[in-house]
Amino acid sequence: MQQGYGAAAVSDADLTLTRTGLLRPVRRIEILAHFSGAFDVAEQQPRGHAARVAYLAHEVARRLGFGAEERRRVIAVGLLHDSGVAVRHDGGHLVAGAWVAERFGFDGAVSDGILATHERWDGRGRPDGRLGAAIPVEGLLVSAAHWACEFADGAMSPLRARSELHHSSIADIEPLAGPEVAAALRSALHDDETWLTMWNEDLARLVGLAGLSEGRPSQRRLVEAAEAMGEVVDAAVREPGRAARVAALSRQIALSMGLPEPYAEAIGIAGHLLELGQIGVSRHITDKPSILSVDEMEIMRSHPTVSSWLIERAPGLTEVAEWVVAHHERRDGRGYPEMLSSDELPMPPRILAVADAYYALRADRPHRPAYDEDDTLTMIGLGAGSQFDARVVEVLPAALEALTRPTGDDATGDDATGGKGSDAVS
Ligand SMILES: [Fe+2]
Ligand SMILES: [Fe+2]
């Protein structure tokens, strides 16, 4: 609690502390299985693509007698196989995918597996044209599973794909992944359970269960995964560090308002994930220096909904998803996507809106340079009571100061330079 801004200023109704388990301990694979929907959006693949590839590759690994650790690695490579698509990287999407794996804290074997997902058993793959057993097996498994999933996605329905694949010898797979992997894939695809699971609505959770032996679940894992996902989105929209800054400021505002620590932690998680939905927005729109067309504006304005949809089923993030979807709503009911009225808008999205706006104004945009600190605070102050919650605006300077205090455990600085994103005050 800072500068006399007491807990009494925030009522229980603001907090909507009616539900249990704001954040719950998770395993990394479990949370990544849900977040992988963002990579599908970026890759323009059908919903559940990465999770399906991961699940099928895991089923093949199981049939090949892989141990628990190897199978977890296969799942990670499957979930992350095209995670680099959204990230602009000189080395291409595989190198970018290896970087994403590193961000999520996986070891080098997962990165090597991702780098090998376009190699072929017959040596005609890329980038290295490696041959047979010289290719990391995780890459071969994911490549084989990917082939089957794309075949299925291209068919009229999973049922149709299943019967067509049954009649196929899967001969195409041998030169791609070798005879053993091809045989195990054939076996997996003859199993009704595999097919049912691959199109199960709850697939991400089931993939998470397959990675169960990853050690004890912890809240730290959730924070790390949210941080990593925020970094990936920042890389996609070319605004490094944005998500972490918004998360730190949101958390600090919550603390400065006297909200309970677990609540502030949850708001920080939401801060990392606010712009997840921007991963699917074309760079031509996010980078456009002139005014957006109506259609482009619609697409841009869909990002809170997409962000929320991508995380709402993740363990313990249902409430966080409800805050994320509302981070562009306004106190005066003129926000988006729902034009919520002020009594429908809980405190967390009001906090997130101010933190998001602060760093949006402090950053360069294609159509204007960054505002300095004073101008930013003045502009946000002008929106107090209409765009923003006046209590949050009031506490903002104290929260910024607390962030820069060297002894504070959240001293991340309040600089914001260069980048793109949503504009704050319109
Ligand atoms: Fe893919
Ligand atoms: Fe946003």
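Here is a short tour, from the whole chain down to single residues.

**Before you click**

This is a predicted model, where local features need pLDDT of at least 70, side-chain atom pairs count only at pLDDT 80 or more, and totals for chains, interfaces and linings use all residues. Residues are numbered from 1 along each chain as its sequence is written, while chains are lettered from A and ligands numbered from 1 in the order in which they are written.

**Stop 1: the whole protein**

Show everything as a cartoon. You'll find 22 helices and zero strands (DSSP runs numbered from the N terminus: H or I of at least four residues for helices, E of at least two for strands). Of the 426 residues, 50% are buried, meaning that 20 or more other C-beta atoms, placed from the backbone, lie within 10 Å of the residue's own; 12 or fewer is exposed, and in between is partly exposed.

Now colour by pLDDT, the predictor's confidence in each residue, from 0 to 100. The average is 87, and 90% of the residues score at least 70. Over residues 16-20, though, pLDDT is below 50. Select residues 408-426 too: pLDDT stays under 50 there.

**Stop 2: α3 and α10**

Select residues 49-63 (helix α3) and 179-189 (helix α10): their axes come within 9 Å and cross at roughly 110°. Axes here are lines fitted to C-alpha atoms, for helices over the stretch in contact, and angles run from 0 to 180 degrees between N-to-C directions. That makes α3 and α10 roughly perpendicular to each other (65 to 115 degrees; under 35 is roughly parallel, over 145 roughly antiparallel, and the rest oblique).

Show side chains next. L56, E59, V60 and R63 in α3 meet V181, A184, L185, S187 and A188 in α10; residues are in contact if their C-beta atoms, placed from the backbone, lie within 7 Å. By class, this contact has six nonpolar, one polar and two charged residues (Ala, Val, Leu, Ile, Met, Phe, Trp, Tyr, Cys and Pro are nonpolar; Asp, Glu, Lys and Arg charged; the others, Gly among them, polar).

**Stop 3: α15 and α19**

Jump to residues 261-273 (helix α15) and 318-325 (helix α19), whose axes come within 9 Å and cross at roughly 55°. These two helices are therefore oblique to each other. Which residues in α15 meet α19? Pick out A266, I269, A270 and L273, which meet V320, W323 and V324 in α19. The contact has seven nonpolar residues, with no polar and no charged ones.

L22 touches P262, Y263, A266 and E319, leaving aside residues up to four places away in sequence. With 19 other C-beta atoms within 10 Å, L22 is partly exposed.

**Stop 4: α18**

Select residues 303-311, helix α18: seven of its nine residues are buried. Among them are H303, P304 and V306. The buried residues of α18 pack against α2, α15, α17 and α19.

**Last stop: H284**

Finish by labelling E296, twelve residues from H284 along the chain, with 9.5 Å between their C-alpha atoms.

Terms used
Contact = placed C-beta atoms within 7 Å.
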